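Good morning. I have one structure to show today, and I will keep it brief. Please look at it first.

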Amino acid sequence: MPKTTTKKTVMKAKKVATSAKMSKLLLSKGRVSKDVIHKATKMTREQWLELQKGMEAKWPLPEYMKGEKGHMQFKSETFTIVTCWTKDTKIQYRPHAKAPGSKSHIRYEKYSKARTVGEALELNTYPADWCWDYERGFIRVLGGKIREEPLNISKCKESEISAVDRAIHTWYKRELSRKLGIPLAELAVNAGCSESLDDRASRLLAQRGAKEALEKAEKEGRMITDEEMLGTLRRWSFMKNPFRQNVMQKGQTWVYSDTLGLLRDRQGDLHLSPATRKYPQVAELFSRWLTDRLPVTAAKDFTFTSMNVNCNYAAAQHRDAGNFGSSFIAGFGDFTGGKLFYYPEDPGAPTPMEKGANAKSKKMSVDINKNLFMFNGNCAHYVEPFKGDRYSIVWFTLGCHAKMSAEDKDKLTRLGMPLPALDAKEYTVLCAPANQRKEGTEAQEKKRPTHLSYAKTGLKRKPMTPAAAKALAKTLGARRLKPEDKKSFYTTEHRRSKASTAFYRAGGKVKKGTKK
């Protein structure tokens with residue numbers, strides 16, 4: 001081959017390589033010189049301006065932008081929309097939306113040919129680009145697969161997660177870390193706890209706020225306030241609970257309800273709920289609010305192992321199953337309606353509820369937003385409809401409390417929960433439901449109240465001296481539980497090895513040869 005031909009071939013190859021390198025630089029992140037941008041631009045400003053005529057009307061901003069173009073602090077509505085996109089979400093870009101003379105123009109001319117989010121990612125765009133363009137009316141969503149809520153990758157197999165899913169998750173995690181001031185490492189999502197990225201972020205904020213509230217109250221020697229409770233409840237991300245079917249209205253398939261403290265899971269295992277171990281100061285705060293107020297009630301020796309924390313649902317008429325003794329309930333939030341209706345003379349199971357709590361039965365109502373209410377959860381009760389944001393917490397004891405491990409008992413004590421003794425009597429303040437009364441105790445039981453109600457504003461304790469507050473704060477701080485974080489707290493082997501699991505699988509009776 002002649003030398004001139006070889007030289008031309010080499011020069012051509014170098015030119016192609018240089019062009020590919022420049023193209024890559026122009027389509028990826030990072031700065032590029034103005035000379036490179038000028039050479040790559042194929043449109044004059046005059047041509048571009050001509051193409052913009054009528055485009056503002058054809059491609060309006062999203063309604064929630066209220067006529068103002070966005071900036072890098074994207075709106076929450078944008079996050080909600082973009083995090084539900086998939087690789088198959090169909091999109092259309094506004095033609096030639098970005099002015100020539102910048103790297104953004106060159107990138108846009110390339111990636112605006114994408115017809116799906118998956119194609120947009122392949123053309124070197126990122127979720128931040130999608131948010132930027134969407135807030136300016138540069139993207140239309142035409143259909144395809146769009147999720148109803150963001151993907152929780154903790155519940156997915158690796159093979160089910162697309163490149164778009166991964167890109168959105170990684171980007172959103174960084175955004176949450178920056179926006180909320182939470183270290184990126186703490187936002188790790190573990191499959192064993194079934195938390196989404198949003199759940200994790202919100203709960204970390206609730207944990208942080210609860211710890212600060214506890215420390216501040218201890219330093220000042222005062223009770224936990226309703227406002228501190230409400231702040232934590234609003235930060236807390238509630239899980240969709242499909243298992244509390246007895247409280248669901250017709251047509252409901254789940255309610256926002258979490259259990260903190262001791263829990264017996266669907267496999268019969270008795271242990272602390274994972275949320276208690278991951279966010280202990282949230283449980284401690286909710287426990288402290290009640291124990292701060294118990295000394296000025298007739299139930300100053302009330303004990304409990306668990307707390308049901310509920311959000312925005314009106315419970316259907318039901319009886320609680322498996323509770324040991326009485327319960328306390330209180331409400332928090334800005335709502336109207338939502339009173340608790342209670343049948344104090346319901347004999348309880350096994351009498352059918354339609355006989356024990358019907359239109360002819362005696363019932364009462366209480367505003368739990370203003371009152372702390374003690375009642376028998378084994379008697380029928382329900383919540384009336386309401387408007388607004390309604391939170392409630394029920395403090396109660398599991399009927400199987402005697403089976404809890406020594407480790408769990410120690411942790412609950414450190415969370416400030418007064419636990420019942422192994423031989424504790426089930427009813428000491430309120431009377432037992434008729435079907436749970438022992439023979440010959442009828443007269444004695446009738447002397448006891450069926451319920452107790454205390455106005456929240458009247459539940460005050462004597463202020464502590466600075467010295468006493470300092471000493472108490474030191475004691476409580478020293479015993480305070482630290483958050484745990486594991487991929488899974490309770491494996492199958494762990495459950496099988498526990499005596500409490502065997503106990504419940506045997507129908508509440510210990511089989512011969514089974515260790516207690």
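**A charged patch and its surroundings**

Lys-42, Lys-110, Lys-113 and Arg-115 form a patch of positive charge on the surface. A patch takes residues with over 30% relative accessible area and no salt bridge, and joins like charges within 9 Å. A salt bridge means a side-chain nitrogen of Lys or Arg within 4 Å of a carboxyl oxygen of Asp or Glu. Lys and Arg count as positive, Asp and Glu as negative, with His and the chain ends not counted. The charge is placed at NZ of Lys, CZ of Arg, CG of Asp or CD of Glu.

This is a predicted model, where local features need pLDDT of at least 70, side-chain atom pairs count only at pLDDT 80 or more, and totals for chains, interfaces and linings use all residues. Residues are numbered from 1 along each chain as its sequence is written, and side-chain values use heavy atoms, leaving out hydrogens and water.

Lys-110 sits in helix 6, residues 103-111. Helices (H or I, at least four residues) and strands (E, at least two) are DSSP runs numbered from the N terminus.

Thr-170 belongs to helix 9, residues 163-180, and is partly exposed at 27%. Its C-alpha atom is 9.5 Å from that of Pro-127, 43 residues away along the chain.

Now the whole protein. There are 19 helices and 13 strands, and 46% of the 516 residues are buried.

Terms used: Patch = residues over 30% accessible without salt bridge, like charges linked within 9 Å, V, L, I, M, F, W, Y side chains within 5 Å. Areas by Shrake-Rupley, 256 points an atom, 1.4 Å probe, with all protein chains shown as cover. Buried < 20%, exposed > 50% of the residue type's maximum accessible area, 1.4 Å probe, protein only.
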